[in-house]
Amino acid sequence: MKEIYSQNHITLLHNGEALFTSIEASLDEAVHEIYILSYIFKNDHIGRRIAEALRRAALRGVRTHLLIDGFGSKNLPHTMIDYMKAGGIMVRKFRPKISPWTFRRRRLRRLHRKIVVVDLKIAFVGGMNIQDQKITSDQAESFYDFAVSVEGPLVRSIYSSCVQVWTHVTRNRLRFALSRKRKSDLPRPQSPGTMRVAFLERDNFHHRRDIENAYLQAINQADTEIIIANAYFLPGMNFRHALCAAARRGVRVVLLLQGKMDHRLFHFAAEALYGSFLDAGIEIYEHHKAFLHAKVAVIDSYWATFGSSNLDPFSLLLSLEANVVVLNHTFATALKASLDQAISNEARRIWGNAWKLQPLALRLVSWFSYGLVRFMVGIAGYAPNNWPERIARRL
């Protein structure tokens, strides 16, 4: 795994209100520089709150950067973008060309990270986009998701990653050089805690498999329990074999997956793998109270990870992703308690005997969906043992 940083403090943020209230407060305290990277930025209540906080920061002289994905944020009105730019916010889109009539393989490679960094003082990393976390105003949270706030030496690593992606998109190498010089002038991150953490990226250059490899290392070393909650769960063969091997050596392996479907293709494709998991003794639960959007895991009540990376081909092989790994018993135990509560009260277990009795038509739909997803990844140009330099240069 990448470098582990000591003396950090990590705070678990379980819902959107907790996250966005903390982000807004941090933006209002910003003095030097802000970076926000988000797959989706919506013109809704949360989006407008964050946009206004960014404008307030920019108008008082804070260097304010907002990078959104061209596909995920394709519906963000130009009027809102112009409004933010008029207030001094630097707004850029990652790969804005999304026309289906001019299909190019690299357009499936999206900016899927969800990161906020303020003044080398605090960073937020997780799975929540800049958007309302409930579908209607009269209901509770519609998304089951997590994020963390980070204080301590790790913030500098997260900041450097944001600067690198920003300068690649703007293609301003001079700005990158100046930003590196400017970073040395910023106040050094404080060391307010005792937690050991690491920041993991996934891109198409230096960090193609960092997140997946961190998962595999932790799974292969697990002694007692693995709990994974993931929105889109369609891992590759090595990952699946590692989970099954852990279950067969006596480790309790638990998967908390989507029960409410927002993308039917991925849901049915994931179901194609249920049979082999159940045969290996893996417990599968589907979350039905809300849309499960989390991308988290806890292993042996010590190793925990949060971030933007699903365990599917698009996150593991194509998109730009970011996760935080926390090595701390107290923190991992708190996450495990939250997941255990969701499994007990908000999820439905899939039993092996009942699963084998499902109609043949549903099985065919699952395997067709699985094949279609793998085909889509294939036409995107993924070749695990043959990465052309021209792809690497495109992140």
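This short talk walks through a predicted model of one protein chain, from the whole chain down to single residues.

Let me begin with the chain as a whole. The protein chain holds 14 helices and 17 strands, and of its 395 residues, 57% are buried. If we take the contacts in the chain with a separation of 6 or more, then 81% of them are made by residues 24 or more positions apart. The accessible surface comes to about 17300 Å², and carbon and sulfur atoms account for 54% of that surface.

Helix 1 covers residues 16-28 and helix 2 covers residues 45-59, and their axes come within 8 Å of each other while crossing at roughly 15°. How do these two helices lie relative to each other, roughly parallel or roughly antiparallel? Angles under 35 degrees count as roughly parallel, and helix 1 and helix 2 are therefore roughly parallel to each other. The crossing of helix 1 with helix 2 is left-handed. On the side of helix 1, the contact is made by Glu17, Phe20, Thr21, Ile23, Glu24, Leu27 and Asp28, while helix 2 brings Ile46, Arg49, Ile50, Ala53, Leu54, Arg56 and Ala57. Sorted by class, the residues of this contact are 8 nonpolar, 1 polar and 5 charged.

Helix 2 also meets helix 3, which covers residues 78-86, and here the axes come within 9 Å and cross at roughly 20°. That angle makes helix 2 roughly parallel to helix 3, and the crossing of this pair is right-handed. Helix 2 takes part through Gly47, Arg48, Ala51, Glu52 and Arg55, and helix 3 through Met80, Tyr83, Met84 and Ala86. The contact of helix 2 with helix 3 divides into 5 nonpolar, 1 polar and 3 charged residues.

Let me turn to the backbone. Most residues other than glycine have a negative phi. Which value does Gln7 have, although it is not a glycine? The phi of Gln7 is positive, at about 65°. Gln7 sits in strand 1, residues 5-13, and with a relative accessible area of 45% this residue is partly exposed. Arg95 is not a glycine either, and its phi is positive at about 50°. Arg95 belongs to the loop between strand 4 (90-94) and strand 5 (115-118), and because its relative accessibility is 16%, Arg95 counts as buried, the cut-off for buried being under 20%.

Ser161 is found in helix 4, residues 154-170, and is buried, with a relative accessible area of 3%. Which residues does Ser161 touch, once those up to four places away in sequence are set aside? They are Arg113, Phe199 and Glu201. Between Ser161 and Phe199 there are 38 residues of separation along the chain, and their C-alpha atoms are 9.5 Å apart.

Leu317, finally, is part of helix 10, residues 313-317, and is buried as well, with a relative accessible area of 8%. Leu317 and Arg208 are 109 residues apart along the chain, and yet their C-alpha atoms are separated by 7.1 Å.

Technical notes
Residues are numbered from 1 along each chain as its sequence is written. This is a predicted model: local features need pLDDT of at least 70, side-chain atom pairs count only at pLDDT 80 or more; totals for chains, interfaces and linings use all residues. Side-chain values use heavy atoms; hydrogens and water are left out. Helices (H or I, at least four residues) and strands (E, at least two) are DSSP runs, numbered from the N terminus. Buried means under 20% relative accessible area, exposed over 50%, partly exposed in between (1.4 Å probe, protein chains only). Contact means heavy atoms within 4.5 Å. Accessible areas come from the Shrake-Rupley method with a 1.4 Å probe; for residues, only the protein chains shown count as cover. Axes are lines fitted to C-alpha atoms, for helices over the stretch in contact, and angles run from 0 to 180 degrees between N-to-C directions. Angles under 35 degrees count as roughly parallel, over 145 as roughly antiparallel, 65 to 115 as roughly perpendicular and the rest as oblique. A crossing is left-handed if the near helix is turned anticlockwise from the far one by less than a right angle, and right-handed if clockwise. Ala, Val, Leu, Ile, Met, Phe, Trp, Tyr, Cys and Pro count as nonpolar, Asp, Glu, Lys and Arg as charged, and the others, Gly among them, as polar.
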